[in-house]
Amino acid sequence: MPPIVPTARTVMLAALAAPVAALLAAFAPGAWIAAPAAAGTLLVLVLLDGTMAARLTEWHLAIPPTAEIGQPTAVGLSLDFAGTPHGGDFAFACDPRLAGGGRIDGAITRGAEGDWEAATVTRPTRRGMGSIDHVWIGWRGPLGLARRQVSAAVEAAVRIRPDLSPVRSPALQTLLRDAHFGLMARRLRGEGTQFEALVEYQPGMDRRRIDWKSSAKHVRLNARENEVERNNQIVFAFDCGQTMCEPVDGLPRIDRAISAALTSAYVALKGGDKVSLFAFAQRPEVATPFYAETGAFGRLQNAAAELDYHTAEPNFTLGLATLASRLQRRSLVILFSDFTDPTSAQLMLEGVGRLLETHIVLFVTFEDTELEELAEAEPAAMPDIAGSVAADTLLTQRALVLSRLRQMGADVIEAPWQSLGFAVIDRYLAIKRRGRIG
């Protein structure tokens, strides 16, 4: 039988009775028997209330096998009671990956069909296995004086995977639906390097596309229409070092980057290109083969889920050199990274420079909104002025590093995390249209 414990209402009644007992002792010592009688009565009521409380006949965990980082995830219990519980709640002791503070709690309510529900919503904060170790269930009796409790150790876990909500977004699904019917192919046609067809020249077309030999033969102006090349190699490379594991709006930068990369990878696979993931910290960690079919997208997601969080600085020299040695043909390398100052970025610049000798590099980083807010905030005291100056200096140094990357020939994206995925897709399509990869 679950233990019976007093509720907050019982404690409050006992606290209110204490001053009354003190007054009786002071002014009517002969009535001292009233105090223990009242305490005994309250104890009997607590036991009676606990006895009349509903009985929990059965309970089961109701948790999903997988969840996505940062996305609402419903967890709870399925409950069967003999009788009617008068208010109740539950709590889980869990891994902090699953919920901040390692605790999930919620209320027991009655569902539309009369059954009892114990459910709440949590938002996982890190990838990995979010275990649930202990469960507490409690409910009150009809008088609200006693509470029954059930406590049990459990072994359950939720696999927390990368966030794929951008892939399911209406905007991207519309783009992919158009691609399915050939609209994307027509939009990309005309700017690539792969010959598609001869069409009659129309005013407004680029004159460099005129095929003079064919025009002389047919006695009319014909223009070459090219199609964007397919089967390009696209590598999504991740810096998993200390800076990328710092949070931005509640989630680590690396998880924001993974979400943007997987969204772009899905579009690339739909567009007929080959996609690979590569990640490094102090040493290379994940290196997948190139996948060319959309059915392999799940393998990319699984590989991205294995990326770990690190507190040390990344080894750009080893990481990018290893990546370069794996690439046997010209590829587009989309590198997700971040930096705090020019000194820490120097090795990154050298590694990117070596990649640029053979490949196209798209460097993707996060817009540092916190520094911008500090730099633009109106100072109210001397420490605020010092903070504003320091933030402005760091922003200037950051701009110099990004400018250096552009001068070296790298494409650069610096965007808020909310728009990062679609910014990468737009730049990838632009690079592909210009035929720069092949």
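Biologist: Which residues does F238 touch, not counting residues up to four places away in sequence?
Modeller: F238 touches I254, A257, I258, A261, L277, F278, A279, F280, L307 and F336. Touching, or contact, means heavy atoms within 4.5 Å. This is a predicted model, in which local features need pLDDT of at least 70 and side-chain atom pairs count only at pLDDT 80 or more, while totals for chains, interfaces and linings use all residues. Residues are numbered from 1 along each chain as its sequence is written, and side-chain values use heavy atoms, with hydrogens and water left out.

Biologist: Which residues have the most contacts inside the largest nonpolar core?
Modeller: Those are F236, F238 and F336, in a core of 77 residues. A nonpolar core here is a set of buried Ala, Val, Leu, Ile, Met, Phe, Trp, Tyr and Cys residues joined through side-chain atoms within 4.5 Å. Buried means under 20% relative accessible area, exposed means over 50%, and partly exposed is in between, using a 1.4 Å probe and protein chains only.

Biologist: And where does the largest share of this core come from?
Modeller: From α6, which supplies eleven residues. Another core, of 24 residues, lies apart from this one, and includes A237, F316, L335 and F339.

Biologist: Zooming out, how many helices and strands does the chain have?
Modeller: There are twelve helices and 19 strands. The chain has 438 residues, and 42% of them count as buried. Among contacts between residues at least 6 apart in sequence, 72% join residues at least 24 apart.

Biologist: Back to α6. At what angle do α6 and α7 pack?
Modeller: About 160°, with the axes 11 Å apart; α7 covers residues 297-305. The axes are lines fitted to C-alpha atoms, for helices over the stretch in contact, and the angles run from 0 to 180 degrees between N-to-C directions. The two helices are therefore roughly antiparallel to each other. For the wording, under 35 degrees is roughly parallel, over 145 roughly antiparallel, 65 to 115 roughly perpendicular, and the rest oblique.

Biologist: Which residues meet there, α6 to α7?
Modeller: On the α6 side you have I258, L262, A265, Y266 and L269, and on the α7 side F297, L300, Q301 and A304. By class, that contact has eight nonpolar, one polar and no charged residues. Nonpolar covers Ala, Val, Leu, Ile, Met, Phe, Trp, Tyr, Cys and Pro; charged covers Asp, Glu, Lys and Arg; the others, Gly among them, are polar.

Biologist: How do α6 and α12 pack?
Modeller: Helix α6 (residues 253-270) and helix α12 (residues 420-433) pack at about 35°, with their axes 8 Å apart. A260, T263, S264, V267 and A268 in α6 meet L420, G421, V424, I425 and Y428 in α12. That contact splits into seven nonpolar, three polar and no charged residues.

Biologist: What about α8 and α9, at what angle do they pack?
Modeller: α8 (residues 316-326) and α9 (residues 342-356) are at about 15°, with axes 9 Å apart. That makes them roughly parallel to each other. α8 passes α9 in a right-handed crossing. A crossing is right-handed if the near helix is turned clockwise from the far one by less than a right angle, and left-handed if anticlockwise.

Biologist: Which residues of α8 and α9 meet?
Modeller: F316, T317, L320, L323 and A324 from α8 meet L347, M348, G351, V352, R354 and L355 from α9. Eight of these are nonpolar, two polar and one charged.

Biologist: New topic: what is the phi of D249?
Modeller: Positive, about 55°, although D249 is not a glycine. Most residues other than glycine have a negative phi. D249 is in the loop between β13 (247-248) and β14 (251-252). At 54% relative accessibility, D249 counts as exposed.

Biologist: Last one, near the start of the numbering. Where does L13 lie?
Modeller: In helix α1 (residues 8-27). L13 is partly exposed, at 40% relative accessible area. Leaving aside neighbours within four places in sequence, L13 is in contact with L42 and L145. L13 and L42 are 29 residues apart along the chain, and their C-alpha atoms are separated by 8.6 Å.

Conventions:
Helices (H or I, at least four residues) and strands (E, at least two) are DSSP runs, numbered from the N terminus.
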